[in-house]
Structure formats: C-alpha cells, structure tokens
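User: I am new to this structure and would like to learn how to read it. Please take me through some features one at a time.

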Amino acid sequence: MTVSIEAPTRASIAAAVARLRAGDLVAFPTETVYGLGADASNPDAVRKIFAAKGRPADHPVIVHLSAIDQLEDWARSVPQSARRLAAEFWPGPLTLVLPRAARVDDVVTGGQDSVGLRMPSHAVARDLLAAFGGGVAAPSANRFGRISPTTSAHVADDLGDAVSLILDGGACAIGIESTIVAFTTAEPMLLRPGAIGVAELSRVLGHGLRPADADAPRASGTLAAHYAPRTRASLVDAAVLCAEIAQFDQRDEAMAVLARTVTPPADFSGVWVTAPMHASAYAHDLYAALRTLDAANADEILIEKVPDEDEWHAVRDRLLRATRGEDDDRD
Ligand code: TXA
Ligand code: MG
C-alpha cells in the first residue's frame, strides 16, 4: 500500500468518506493535531487503528462528531454542565468524556463505561465528518510512543504505508491535543490540559474542576511518558541552560537545545531551536521542534523551562511528559 497525501478537494473528501465506509483508515487534520480516523460504528475498522499505531488494545479512542446533537448518539446521559461546555467550545479543542451509550463498542472505549467525544473546528475535519455523517474514532496519527503529528509529513513519516490516504490541511493551528474533561464523577475532572484553559472552563461551569486523580477514567494521554522524543530530554532553568552551554566545549556529548529567551553562543555547533515567546505560538511549534531536535540524534535535548503561568499550563504538561524519560506506556 502506498500512501497518498491529498489536498482537500470535493473529490479527495469523497474518496476519504468511501474509505471510512469501507472500513479503512484515513488520516485527517484537526485544529489540534492530525487524527487517524476509522468508522466508530465499525469495530473491525477501529481495530485497524490499533494495529497501525502499534497501540495497546485497552486504550480508548475519541469519537469525532460533526454536530452537537450527535452527543446523544454516543452518550447515554449528558449532564447540563457538559452540554454548556459543548455549546460554548464546540466546534473546538475540547473532548468530553461521558457515560457511553449501549451502541458504543468496547474497542472504542477500551472496555470502559465512558466514551470520549469531540467536535473539531478544522474546516477539513468538519467537511469530512459532515460528508461521512457518523462518528469517526481517531487518536493522534502517530505511532505509539512518538510525538503527535502536526503536519501531513509527520503522519507520513510515522505511519508510512499503514495508512493509504492522508488529507493535507497544512500545519495544525493549535499544535497540541485537546483539553479533556470527564463527567464520570460527581464533579467534572480535568484529564488533560489543552488550549481551552481551566479559567475558561470554570467560567462556563460556574465552578472549578477537580484535577485528575485515582478515580479518573484511564486516559493513556495522562500517563507519565507521553509525547516523548527518543533522545533523553531535560527541562532546565535559563541559568542552568546557559551554564551547560558554556561547558559544551569540554564535553564530548552532542547537545540539542529548545530555548526561548536564551540565545545560542556564536560557536554553538549542535542543533538549536528558538521557540516563540507566547504560549499559543509556542504550542503551535512545539511538536515540530521536538521532532527536529530528536532527528539531530544528540546525546541529550535541553529544553528551557517556560513560565509558571496559567496560559502555559498545557505546554508545561507536554514538556514534563516529554522530559520524564519513562518509555513504558505511550500513545
Ligand atoms: O486533540 C485531540 O484530542 C486529538 C485529535 C486527533 O482529535 N486526539 C487525540 O487522541 O489526542 P489520542 O487518542 O491520542 O488521545 C486521546 C486521549 C487518550 O489519552 C485517551 O486515553 C483519552 O483521550 N480518552 C479517550 N476516550 C476516553 C475515555 N472514555 N475515558 C478516558 N479517557 C479517554
Ligand atoms: Mg495521542
């Protein structure tokens, strides 16, 4: 099978819909990251996602919808507070975890009693979902253990011929995965921070969110070693980064750097990426930067810490996961 990367046209969307209907996989852009989609009503099709990613079968996948009124097709109950979040933030980078409807197959939920639902805002995703009509199960379109893809080239690099059609929607506007809120306990719980922050969610809910704890439904994206490059990576203060670079000459290790405020010395010979100053621009570039740094095959990646402010919450979360270095369980 050769992979075909197609510009989004009426013909390529129709071809993608035909593949979904036939039980095949299609990679498509969303505003967060690229997804690897299958017909969520077809368990055999969803199983192909796990095979293509090399992902363990007990990990749940998010079902992508084209309209808010499809919530009831997939969730057996929708609390008012969840409905308010959907009304405010859909289409957009928010996933709601709700009690699953009887029709939702175990392969979609990882055998859990809940289902993750999201209505993306990317025009290509919306066109695809509207033309398909049903729910599209889609995790990020990376191989298990790799960094999420934010361009069609990332998807092709990772999945190669495991997917035959990739719809190209350019670089994803947000660049990190959706915020996930679970409504499976009395109070809503934040399972994964994302572009929609806790302050915005709390404003709409009228109260705060519970942080993920032991009662949280299992979300592999919340396990420690996600979004990690293969190269050992550490998160360091600007001062530590400067000190390490100053000693660079005396070490026979190759270093790759993701800096933000620190500038490279003139004689620096490793790979250096300067990230944007603002949180949303930083998030937009983050996974492409990590891929570039990983491809340098350095002995270590040093990442300058980002501010300890609310708007950096989701980026800090991804950087912590990228630098934790355990590679036991990744999505
Ligand atoms: O932005 C996104 O959410 C992207 C795009 C493609 O929509 N998708 C994405 O999917 O990041 P994935 O599978 O890589 O991560 C989704 C996370 C996983 O950690 C999964 O475990 C969790 O959502 N999840 C899905 N359904 C769940 C459920 N029923 N209960 C708890 N967690 C769930
Ligand atoms: Mg993922």
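User: Which residue in β15 is the bridge partner of valine 236?

Analyst: The model is a predicted one. Two strands count as paired if there are at least two bridges between them. Here, valine 236 has glutamate 304 of β15 as its bridge partner. The pairing of β12 with strand β15 (residues 300-304) is parallel and runs over four bridges.

User: What is the strand order of the open sheet of four strands?

Analyst: The order is β12-β15-β13-β14, and the pairing is parallel. An edge strand pairs on one side only, and here the edge strands are β12 (233-236) and β14 (271-274). From one strand to the next, the twist averages 15 degrees.

User: Which helix lies across β12, β13, β14 and β15, and at what angle does it run to β15?

Analyst: That is helix α9, residues 238-246. Helix α9 runs at about 140 degrees to β15.

User: Now a single residue. Is glutamate 177 buried or exposed?

Analyst: A residue is called buried when its relative accessible area is under 20%. Glutamate 177 has a value of 4%, so it is buried. Its place is the loop between β8 (165-167) and β9 (179-182).

User: With which side chains does the side chain of glutamate 177 make a polar contact?

Analyst: A polar contact is a pair of N or O atoms within 3.5 Å. The side chain of glutamate 177 has one with the side chain of serine 148, at 2.5 Å. Another is with the side chain of arginine 318, at 2.8 Å.

User: Where is arginine 291, and what does its side chain reach?

Analyst: Arginine 291 sits in helix α10 (residues 279-295). Arginine 291 counts as buried because its relative accessibility is 9%. Its side chain reaches the backbone oxygen of isoleucine 147 at 2.5 Å. Not counting residues up to four places away in sequence, arginine 291 touches Asn142, Arg146, Ile147, Ser148, Pro149, His154 and Asp158. Ser148 in that list is also the serine whose side chain makes a polar contact with glutamate 177.

User: How do I read a residue such as alanine 86, and what is it in contact with?

Analyst: Begin with its place, which is helix α4 (residues 80-89). Then look at accessibility: at 0%, alanine 86 counts as buried. Neighbours within four places in sequence are left aside, and the contacts are then Ile68, Leu71 and Leu96. Distance along the chain can also be set beside distance in space. Alanine 86 and methionine 119 are 33 residues apart in sequence, with 8.5 Å from C-alpha to C-alpha.

User: How many residues apart in sequence are valine 46 and valine 107?

Analyst: They are 61 residues apart in sequence and 6.9 Å apart in space, C-alpha to C-alpha. Valine 46 is in helix α2 (residues 43-53) and counts as buried, at 0% relative accessibility. Leaving aside neighbours within four places in sequence, its contacts include Val107, Val108 and Ala137.

Notes:
Residues numbered from 1 in each chain as written. Chains lettered and ligands numbered in written order. Predicted model: local features only at pLDDT ≥ 70, side-chain atom pairs only at ≥ 80, totals over all residues. Heavy atoms only, no water. Helix = DSSP H or I, 4+ residues; strand = E, 2+ residues; numbered from the N terminus. Buried < 20%, exposed > 50% of the residue type's maximum accessible area, 1.4 Å probe, protein only. Polar contact = N/O pair within 3.5 Å; in protein donor to acceptor, adjacent residues only side chain to side chain. Axes fitted to C-alpha atoms, helices over the stretch in contact; angles between N-to-C directions. Contact = heavy atoms within 4.5 Å.
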